[in-house]
Amino acid sequence: MSRPDPPFGAAEEQAARHLIQRALEEDDAAHDVTTDLAVPQPIDATVRLRARERGVVAGLPCVALTLQALGGGVEVEGVRADGDPVDAGDDLLVLRGDLR
């Protein structure tokens with residue numbers, strides 16, 4: 001999995017990984033009924049994450065860390081980086097892989 005480089009050090013990355021893992025456990029992400037019903041079979045997809053409004057990008061490395069915690073297999077292409085100004089509709093990331 002390629003991913004944007006985290007703009008934080010080892011301690012911050014470890015803390016982010018810990019929080020992501022706790023959130024996924026609380027959400028029971030491994031047993032998501034909606035995903036199982038809506039996407040019953042593996043399917044390759046390309047997804048573009050876009051800004052909904054004008055602003056400054058923040059948190060993109062956490063997307064890659066979350067996908068990695070879910071098992072990887074998704075390519076993350078960073079179009080923008082944290083701190084970049086964006087307008088509504090600008091691409092932030094492109095994700096390629098199994099939609100499930």
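Start by selecting G71: this residue, just after α3, takes a positive phi of about 120 degrees. Helices such as this one (H or I, at least four residues) and strands (E, at least two) are DSSP runs, numbered from the N terminus. The model is a predicted one, in which local features need pLDDT of at least 70 and side-chain atom pairs count only at pLDDT 80 or more, while totals for chains, interfaces and linings use all residues. Residues are numbered from 1 along each chain as its sequence is written, and side-chain values use heavy atoms, with hydrogens and water left out.

Next, show the whole chain as a cartoon. There are 3 helices and 5 strands, and along the sequence they come in the pattern α-α-β-β-α-β-β-β. The C-alpha trace spans about 35 × 30 × 20 Å along its principal axes. Of contacts (heavy atoms within 4.5 Å) with a separation of 6 or more, 73% are between residues 24 or more positions apart.

Now go back to α3 and select L60, P61, A64, L65 and L67, which are buried (under 20% relative accessible area; exposed is over 50%, partly exposed in between; 1.4 Å probe, protein chains only). Seen down the axis of α3, these buried residues fall within an arc of 160 degrees, so they line one face of the helix; the arc is that of the directions from the helix axis to the C-beta atoms.

Over the chain, buried residues make up 24% of the 100 residues.

Then move to G59, in the loop between β2 (55–56) and α3. Is G59 buried or partly exposed? G59 is partly exposed, at a relative accessible area of 31%.

Last, colour by charge. The chain has 10 positive and 19 negative side chains, with Lys and Arg counted as positive and Asp and Glu as negative, and His and the chain ends not counted.

Note on methods: The place of a charge is taken as NZ of Lys, CZ of Arg, CG of Asp or CD of Glu.
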